[in-house]
Structure formats: structure tokens, C-alpha cells
Amino acid sequence: MDLQTLSFLVVGATFVLYIGIAIWAKAGSTSEFYVAGKGVNPILNGMATAADWMSAASFISMAGLIAFLGFTGGAYLMGWTGGYVLMALLLAPYLRKFGKFTVPEFIGDRFYSKTARIVAVISLLVISITYVIGQMRGVGIAFSNILEMDLTVGLVSGMVVVFIYAVFGGMKGITYTQIAQYVIMIFAYTVPAVFISLTLTGHAFPQIGLGSTLVGEDTQLLQALDQTLMDLGFAAYTSITGMSLLNMFLLTLALMIGTAGLPHVIIRFFTVPRVRDARKSAGFALVFIGILYTTAPAVGAMAMYNFINTVQPGPVGEPQGNVVIDERPDWMVRWEQTGLLEFEDKNEDDRLQYYNDQNEEFAEMAREDYGWEGNEFTKIDRDIMVLANPQIAGLPNWVIALVAAGGIAAALSTAAGLLLAISSSISHDLMKGVITPGISERAELLSGRIAMAAAILLAGYLGLNPPGFAAEVVALAFGLAAASLFPVLMMGIFVKKMNREGAIAGMLVGLGATLLYIFLFKGWFFLPGTNMFPDTAEYWLFGINPTGFGVIGAILNFIAAFLVMKVTKAPPEHIQHLVEDVRVPRVGTS
């Protein structure tokens, strides 16, 4: 059976499963739509949380970034993993004990203010829409590979599927769909990694294979990769390149505190019966997440090693050392059709050269000694590396199809969670909480579904014109969460004298400053060509990358909140007692 047919069958089977679950678990009440009736088992909720959290950025893009950035790409891995631990310890149990459906609802009640609730809704919408752009891009990339069509067709196909099962199923349908998606995702990620690790190093565990020697050689995988890249004018894979130490630190911290403020993940801890179940599901989720995250560095390194050795199968500089264009492997042809891989035969020698032509010394030597006229891969989208990895390694078609299904599952699972967060913020927090308090449950459900449908259309449009790679777009969303919601959630739980004026001022300052900084370099509202400055280090403020600016936004949030708190009235006594009560365990709940 050919690859395209097999991919259609495998992915089609998963879609039937997702839609079937959504129909079986269709939400019939607002409680089921928002928090699955608060009856999800902690282990199952841990799986669903892992799927919700491990987005297209984790499955598709993170290993691709690590493949091209090397050591510094580990910032994404450290930030997201550390952030989950932070959220599980500092936020999840307390928010679950408070017992509200949504993050804006907690902020509105804790800070006794509809205005605070509205600002929280605005923050949530900005974060979630930015985040879902990356997911829709991931859906489009995975689909376009399967369909062998343009990215646009793939993205629209993904929009249709997520519309069907997210709009009708609500949190109840999404939860059980995400459990199935986690199983598919983790098999799709680890099975090819095991195959490739066995092929390259003889070790079944990729985590061990990453630090092992190559089969039949005395050279370690990472040493061989370092040397191969340096032979082509690149920096060593294990060296600190790609971003400054300052930006690596800020990005890691922004991802950590941004993770802890993600509304679509926090809401998952409202779906379990008790507070102690929230703690248990957080622990199980960390185990499920760790399986993928400890595998990602090996996937990134092995993907780059296989890619380089496919393009440069012989000695550097010798005519036969580069792949002949007419004999290039099928995986290149497939990805060329998506527009995510492009090349140009600049020296017209009918062979492909891949090297660092930005290294002036090496580029001059390559021109004079080898006759090379520049790097001939004019586009290698980093988001294709995980999906292309089994194809590059020559694995069986069923493995390639499984990876495609996993990539789509990763993108759809998080997209659904984000869309639900957007939907609930509009229908529950704005409509029911502020605009029309007397709205019926049926009308609230309808407004939630309409809001979700509108969000899918907006995310699809922006997914066609994203401000960066999937993981980069997601990093921007995390920065916005770090600057707006994380500080106010922390102060709401641990600072009993923080009042509504301080919370509102902090959110507005943190979100406004971070959003402005991002728009200056990424384009206003992420529209291409509207950026005020080039997105390069020489133009960044103090050299700070927009993806790491969320830390600065968070600091500004805390400063503004405490300054305003000092000159305004303290919160009512009953609010201060409520904050103390939330932090004290009760018998049977902890």
C-alpha cells in the first residue's frame, strides 16, 4: 500500500474515533461543557492534561527547533517542563479549591470586580488566540504532508475536524478525545524514535542513544554531529549559539511562568471531583509529559544527523559528496509540494549544497575551492523535521503514517482546549458574568458554541500568516500569559491584601507592555509587513528577544500592582479571609 493511501486510512481512523467520542460525550449542560461535570478520573485527567499541554509546538516544532538550534534549543524543553511543575505546585490545587469554572471567574470573584474579570477575559483571549495560531499552523503542516497539497488546504481540513468535535462536545467531549489523542501522540513520537535510535546507535531507548556511539564506529553521535556541522561552516551542535545566554535565560523563565498562567491548562484541574484529585492528576500528567520531553532532544539531534547525511552523503568539497537533484529522496519531493522545503541550484551543477553561507570565511573558501555559490536550500521549515524524520531515516510507511496522525492529534488536542477557553470566557465570563446575568443555560451553551466557531475561523486565517514557527508563536503566547495572568493569579492566592485596583493595573501594564513590544517586531496584530522594526537582535531593546519579553512584562505587572495597592483601599475583610481559607487544607479534600 502506498504511503498516501496508508496515511489517509490511519488519520481517517483517528478522526472517526475523535468524532465518535464527541458524539458519545456530547455536553448537555454548562457544567459538562465547561468542566466535564467535575467527574473525570485523576489518571485519565492526567492523560487529557498532557495532551492539552503537549501541543503542536511540543510534538512538531520543539524537536525541529532543537535540531537547528542545538544546545540553546533546550530552553524550550526546560521552560515548558519547569513551568508545568510550577503550575502543579503553586496554582492548580488552590484554584481547584476555589471552585470556579474559569480563570476570569476566579479573578473577578477574588478581586470583587467585574472590571478585573473583563480585563482577565481580554488577557485570556489575546493569549489563547496567539497560542491557537501555532496549533492551526501545525494542523496545516501535518495535513498538507498527508494530502500532498498546499498548506492552506491542509489547514482548512483541520479546521473542519476540530469544529465538529470541539463545538459539540465541549469539555466533556474534548476530555475523552484528548485521552485518545495522548495515546496516539505518544506512540507516534516514541516508536520512530526507538527505530532511529536502534539504527544509529543500537540502543532502543533514544534517551540513552543520544549519548552513545554510532553503530560500527568509536565516535559518539553528538561528536559526529558536531564535526559534520563544523565541516559545513556551522557552529558545533553542542555549543551555545542561536541566542545569547540572556535570551536563553529569559525565554526559559518566560515559558516557565507562562505555562503556570495558561488558562486552558488550569481549567483542566476543575474537571476532577476533589482538590486532592487535582494534585494527583497534576502528578500523572507530569509523568505522561516526561515521556515525550525526555525523548525530544534525541529526536532533534538524530533528525539533524540524518538530514545532513542525506544531503551530504560523501566528503565535503568532492563533486560526488552532494546528493544529485534528480536522485533526491522521495521525502524531499513530498515536502516540496507543501511549499515548506525549497531549493535552487545556484551553481548549476545538478547537485544540492547545504552549508552556512552566512559564515563569510567558510563561504569564501567554499566558493574558491568547491565552486559553491551559496546554500541551495532556500527554505527548510523547522516545523517539518519531526514529521519528515521517519521519512529521512527510511522507516516503514506505517510508522510515517503514525507520526502524521500523532502530529495532527497534538495540534487538535491543544487547539480544542484553547477554543474551549475562548468560548467559556465569552459565554460564561462576559455574557453570563457581566452583560446578561439572567441568560438561560441553553442560551449560554449556544453563545459558547458560536464563540468557538468564530475563534476557529480567526485562528485559521492567522494560521496561514503566522509570525513565526509553531514553537515561536506558542512562545509568544506563553510570554503574554507570563506578563498578564500569572502575576495576578499568584497575588490572588498568596497576597491577601492585594486589591482590585492593583490587580487591574498590573494586568493592564504587563499585557500592554508585552503586546506592544511583540507587535513592534512581529507586526501589528501579527499582520505580515506591519512591524515597525526588523526582528533582529540589533533592534531589540537591550537585545531582548520578543519571545522572552514576557518576564519583563511580569516584573512590570508586579511593580504596578504593588504600587497601586499601596495608595488604594485594602480589600474587604471577607475577601482576605477567603484567601486564607483557600490556602488551608480541609479534611477530605487534600
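**Ground rules**

I am working with a predicted model, where local features need pLDDT of at least 70, side-chain atom pairs count only at pLDDT 80 or more, and totals for chains, interfaces and linings use all residues. Residues are numbered from 1 along each chain as its sequence is written, and side-chain values use heavy atoms, with hydrogens and water left out.

**More on A120**

I placed A120 in helix 8, which covers residues 114-147. Helices (H or I, at least four residues) and strands (E, at least two) are DSSP runs, numbered from the N terminus. A120 counts as buried because its relative accessibility is 0%. The cut-offs I use are these: buried is under 20% relative accessible area, exposed is over 50%, and partly exposed is in between, with a 1.4 Å probe and protein chains only. I also checked A120 against M365, which is 245 residues away along the chain, and their C-alpha atoms are separated by 56 Å.

**The whole protein**

Next I stepped back. I found 24 helices and two strands in the protein. The C-alpha atoms fill a box of roughly 80 × 50 × 45 Å along the principal axes. For 590 residues a compact globule would have a radius of gyration near 25 Å, and the protein has 24 Å, so the two agree. That radius is taken over C-alpha atoms, and the globule rule is 2.2 Å times the number of residues to the power 0.38.

How much of the protein counts as buried? I noted 60% of the 590 residues. I put the accessible surface at about 21300 Å², with 64% of it belonging to carbon and sulfur atoms. Those areas come from the Shrake-Rupley method with a 1.4 Å probe, and for residues only the protein chains shown count as cover.

I then looked at contacts between residues at least 6 apart in sequence, and 81% of them join residues at least 24 apart. For charges, I have 33 positive and 43 negative, and their mean positions are 26 Å apart. Lys and Arg count as positive and Asp and Glu as negative, while His and the chain ends are not counted. Each charge is placed at NZ of Lys, CZ of Arg, CG of Asp or CD of Glu.

**Rings**

I counted 19 aromatic pairs in the structure. Y517 and F549 make a stacked pair, because their ring centres are 4.0 Å apart and their planes are at 15 degrees. The rule covers rings of Phe, Tyr and Trp (its six-membered ring): they pair if their centres lie within 6.5 Å, and planes under 30 degrees apart count as stacked, over 60 as edge-to-face and the rest as tilted. The partners sit 32 residues apart, with Y517 in helix 22 (residues 500-522) and F549 in the loop between helix 22 and helix 23 (550-566). Both Y517 and F549 are buried. I also noted one aromatic cluster formed by F234, F307, W331, Y354 and F377.

**The loop between helix 22 and helix 23**

F542 lies here, with a positive phi near 55 degrees although it is a residue other than glycine. F542 is exposed, at a relative accessible area of 71%.

N531 has its place in this loop as well, and it is partly exposed at 32%. Its contacts, leaving aside neighbours within four places in sequence, are F519, L520, F521, K522 and G523.

**Two last stops**

Is E348 buried or exposed? I found E348 exposed, with a relative accessible area of 68%. E348 sits in the loop between strand 1 (341-342) and helix 17 (360-370), and its phi is positive, about 55 degrees, although E348 is not a glycine.

Helix 18 (residues 385-392) is mostly covered, and I counted eight of its eight residues as buried. Just after helix 18, G394 takes a positive phi of about 70 degrees.

Technical notes:
Contact = heavy atoms within 4.5 Å.
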